[in-house]
Amino acid sequence: MGTKHLALKITGGIVALLLVGVLAFAGYWFIRLGTNLRQAPLSAGNAKADASNDATDALQILIIGTDSRSGANAAYGSQADSSGYGNSDVLILMNISADNKVVSMTSFPRDLMVPIPKCHDPQSNRDFPAQPAGQINSAMAEAGPGCAVDTVNALTGLQIDHFMVADFNAVKDLSNTIGGVQVCVNAAIDDPMSGLKLPAGTSTVQGEMALSFLRSRHGVGDGSDLSRIKSQQEFLASLARKVRSDGTLTDVPKLLSIADTITKNLTVDQGLASPQTMLTIAGRLKAVDLGKVAFVTVPWEPYTGDPNRVQVKQPDAGALFEALRDNRDLTAPAPAPTSTASAAAPSGAPSSTAAPAYDKALQPVAVANGSGVTGRAAELVQFLAGEGFTKTSQFSAAAAASTKVYYGANFADVAADVASSLGIPSSQVQQVAGVYGVQVYVGQDFTTGTHYTPKVPDNIVAQTAAENTCQSAFGQ
């Protein structure tokens with residue numbers, strides 16, 4: 001009996017020691033990872049407090065690659081090239097659906113001209129005025145990553161939950177830690193500007209060569225930043241496949257090693273500065289179907305007045321942003337339009353629930369049928385009458401690809417409410433000379449239902465994480 005008791009005591013002692021060891025190990029890593037991270041505010045004075053549950057809610061994380069030459073990045077240029085916060089030369093918005101079945105990775109061209117809101121820099125305590133049009137990658141340079149978050153929020157109508165800023169060394173160290181990433185080019189590349197030198201076909205890149213692959217602009221595609229985005233998407237898709245095939249997300253030692261590497265080179269918001277939060281998000285991604293991880297680029301067109309810059313292309317960009325707000329699967333066919341206008345109005349559109357400062361029944365509203373569907377105007381006139389706009393008329397019109405709301409002088413508020421009732425984005429509402437009152441010009445993208453659902457372009461997905469793609473060498 002004494003022997004049995006002694007054995008139980010020894011066994012209990014071993015279990016206790018193991019528990020203490022596990023707790024000590026966990027405590028060590030939590031302290032270490034937390035110490036590695038640098039923090040910055042999530043907003044530069046414009047965003048609401050993050051109220052999302054990182055474990056269960058839809059989640060938006062802005063991934064920022066800075067070109068700062070501060071500290072260990074000095075080898076890539078002088079402080080005059082990019083000092084302080086640096087420019088956000090890589091800007092990718094990761095959306096994770098609440099059920100963890102859909103992930104989108106949306107790239108914003110660095111030369112995209114967008115409105116930049118007023119931002120407060122917490123380091124210098126300076127306020128930067130709002131800009132009607134500024135280069136999107138300059139927002140962070142002025143007032144830190146929170147200003148980049150605020151700018152993307154304003155542009156997309158989203159409420160970003162977290163951000164992470166990575167520098168040049170983050171790419172090198174991460175690619176070394178995981179043993180390299182496979183990339184493909186369709187012809188040999190020798191780009192002295194970035195240092196990228198690869199043979200045609202598939203190669204494994206890590207360290208400096210991985211960074212060169214992501215930075216190369218003159219060696220790929222047409223030599224523009226837009227071609228470099230394709231390299232970033234190919235690299236990240238390959239990285240996802242490598243991590244999944246290695247079982248990293250279910251291998252705690254591997255995961256901790258990668259987390260240690262990443263956190264040494266990251267600046268994050270306060271909510272993401274907890275190792276537990278990072279592990280929670282990693283856990284959400286471990287079972288995602290790589291075929292449902294979509295890489296897209298914000299639809300763009302040349303910027304008016306400067307061919308070296310670009311601007312969002314409407315209505316395609318508005319359709320993408322609405323799809324992101326709805327956490328739709330971009331790899332699946334577009335959903336059918338709803339039959340009522342009960343869906344939430346697009347961001348930026350005034351709510352039609354507030355009492356207008358005018359009598360709806362007296363406002364002249366016309367519906368022009370350019371949809372090609374007989375009776376379409378009558379259907380929408382009937383709906384608008386139910387919304388209170390009873391002074392309506394209708395007529396047939398030339399076919400139009402996209403739906404617009406036009407208005408004359410002094411009818412901006414009426415036009416906004418009509419558009420809100422129909423779910424038409426504010427980007428598709430404009431004042432036009434010669435129009436009296438409001439005119440809803442119904443296009444071929446609004447052939448059914450009474451709530452407009454912008455159609456995401458068929459080719460919006462550049463690739464999924466499951467697909468192997470091959471970057472084009474410059475001039476190919």
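Predicted model: local features only at pLDDT ≥ 70, side-chain atom pairs only at ≥ 80, totals over all residues.
Me: What makes up the chain, and how much of the chain counts as buried?
Reply: The chain has 11 helices and 23 strands, and of its 476 residues 49% count as buried. Among the contacts with a separation of 6 or more, 73% are accounted for by residues 24 or more positions apart.

Me: Why is Ala273 called buried?
Reply: The relative accessibility of Ala273 is 14%, and buried means under 20%, so Ala273 counts as buried. Ala273 lies in the loop between β14 (266-268) and α8 (275-285), and its C-alpha atom is separated by 9.7 Å from that of His162, although the two residues are 111 residues apart along the chain.

Me: How do you know that the span of helix α6 agrees with its number of residues?
Reply: Helix α6 covers residues 225-245, which is 21 residues, and at 1.5 Å a residue these should span 30 Å; because the end C-alpha atoms are 30 Å apart, the two values agree. After α6 comes Gly247, whose phi is positive, near 70°.

Me: Which residues meet where α5 and α6 are in contact?
Reply: From α5 come Ala210, Phe213, Leu214 and Arg215, and these meet Arg228, Ser231, Gln232, Glu234 and Phe235 in α6. By class, this contact has four nonpolar, two polar and three charged residues.

Me: What makes up the largest nonpolar core, and which of its residues touch the most other members?
Reply: This core has 41 residues, of which Leu62, Phe108, Leu112, Val152, Leu320 and Phe321 touch the most other members. Helix α9 (residues 316-325) gives the most to this core, with six residues. Leaving aside residues up to four places away in sequence, Phe321 touches Phe108, Leu155, Thr156 and Val298. A second, separate core of 24 residues includes Phe383, Phe389, Phe411 and Val429.

Key: Residues numbered from 1 in each chain as written. Heavy atoms only, no water. Helix = DSSP H or I, 4+ residues; strand = E, 2+ residues; numbered from the N terminus. Expected span 1.5 Å × (residues − 1). Contact = heavy atoms within 4.5 Å. Nonpolar A, V, L, I, M, F, W, Y, C, P; charged D, E, K, R; others polar. Core = buried A, V, L, I, M, F, W, Y, C linked by side-chain atoms within 4.5 Å. Buried < 20%, exposed > 50% of the residue type's maximum accessible area, 1.4 Å probe, protein only.
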